[in-house]
Amino acid sequence: MDKLDHYIESLLKEKLLNSFMNHLTKLTAAQHFLSINEDMKYDQAIRLACNILYKEGLIPENFADLCIEREDISSTNYKDIAIPHPAQSIAYENAIFIMHNNRHFLWNNGARIKTILLLVIRKEDVLQFKPVFDFISLYLSDRELTGLFSDADSYETFIGSIISYLNRI
């Protein structure tokens with residue numbers, strides 16, 4: 001019975017990991033990854049990412065303002081990662097814009113952030129983000145994973161670090 005339980009558990013884990021990676025690779029892209037090498041204020045970073053996304057037609061023009069307004073109400077940072085997003089899902093397309101800073105993003109509450117995961121979600125697709133939200137919620141407290149995020153200075157390194165981490169758990 002122990003072998004069967006172990007086998008079932010490993011199949012479920014593999015299914016969850018595959019589901020998560022499938023969602024993550026659909027939501028992220030190399031052109032939505034920026035590596036910065038200078039201290040930058042949180043609002044500048046959000047506007048920089050949103051400007052790119054707006055030019056691609058993924059978000060409305062006021063998306064950055066809404067993200068900054070949401071941050072000013074309640075910061076979305078945890079340790080050295082921030083996950084800015086507007087209070088309501090108003091995106092035209094789904095994406096996660098990733099920014100890494102070899103120095104720091106200076107957050108509105110004084111935190112020094114290394115990685116930003118800007119969430120861009122269409123209202124009708126919020127439930128599809130559940131595997132990604134679950135991963136972020138579950139693993140943000142894991143120092144090893146947040147360290148991997150903080151060390152990723154390219155899209156390939158970022159995705160590779162997550163895959164490597166997931167294969168070890």
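**View 1. Surroundings of Thr 28.** Apart from neighbours within four places in sequence, Thr 28 is in contact (heavy atoms within 4.5 Å) with Ile 96, Ile 98, Tyr 155 and Ile 159. The model is predicted, and local features need pLDDT of at least 70, side-chain atom pairs count only at pLDDT 80 or more, and totals for chains, interfaces and linings use all residues. Residues are numbered from 1 along each chain as its sequence is written, and side-chain values use heavy atoms, with hydrogens and water left out. Thr 28 belongs to the loop between α1 (2–27) and β1 (33–36), where helices (H or I, at least four residues) and strands (E, at least two) are DSSP runs, numbered from the N terminus. With a relative accessibility of 5%, Thr 28 counts as buried, a class that means under 20% relative accessible area, as against exposed at over 50% and partly exposed in between (1.4 Å probe, protein chains only). The side chains of Thr 28 and Tyr 155 are joined by a polar contact of 2.8 Å; such a contact is a pair of N or O atoms within 3.5 Å, of which, within protein, one must be able to donate a hydrogen and the other to accept it, and residues adjacent in sequence count only if both atoms are side-chain atoms.

**View 2. Nonpolar cores and Trp 107.** Phe 105, Trp 107 and Leu 118 touch the most other members of the largest nonpolar core, which has 26 residues; a nonpolar core is a set of buried Ala, Val, Leu, Ile, Met, Phe, Trp, Tyr and Cys residues joined through side-chain atoms within 4.5 Å. Two or more residues of this core come from each of α2 (42–55), α3 (63–73), β5 (95–106) and β6 (112–120), and α2 gives the most, with 6 residues. A second, separate core of 23 residues includes Met 21, Leu 117, Val 132 and Leu 166. Leaving aside neighbours within four places in sequence, Trp 107 has contacts that include Tyr 42, Ile 46, Glu 71, Pro 84, Ile 113 and Ile 116.

**View 3. The buried face of α3.** Phe 63, Ala 64, Cys 67, Ile 68 and Glu 71 are the buried residues of α3. Viewed down the helix axis, the buried residues of α3 fall within an arc of 130 degrees, so they line one face of the helix; the arc is that of the directions from the helix axis to the C-beta atoms. Among the elements that cover the buried residues of α3 are α2 and β6.

**View 4. Salt bridge between Arg 103 and Asp 39.** The whole structure contains 4 salt bridges, each a side-chain nitrogen of Lys or Arg within 4 Å of a carboxyl oxygen of Asp or Glu. One of them joins the side chains of Arg 103 and Asp 39 (3.3 Å, N to O). Because Arg 103 lies in strand β5 and Asp 39 in the loop between β1 and β2 (40–41), the pair ties together parts that are 64 residues apart in sequence. Arg 103 counts as partly exposed at 44% relative accessibility, as does Asp 39 at 31%.

**View 5. Network around Arg 122.** The side chain of Arg 122 forms a salt bridge with that of Glu 124 (3.2 Å, N to O) and another with that of Asp 125 (2.7 Å, N to O). Through shared partners, these salt bridges join Arg 122, Glu 124 and Asp 125 into one network. Arg 122 is partly exposed, with a relative accessible area of 21%, whereas Glu 124 is exposed at 57% and Asp 125 is buried at 9%.
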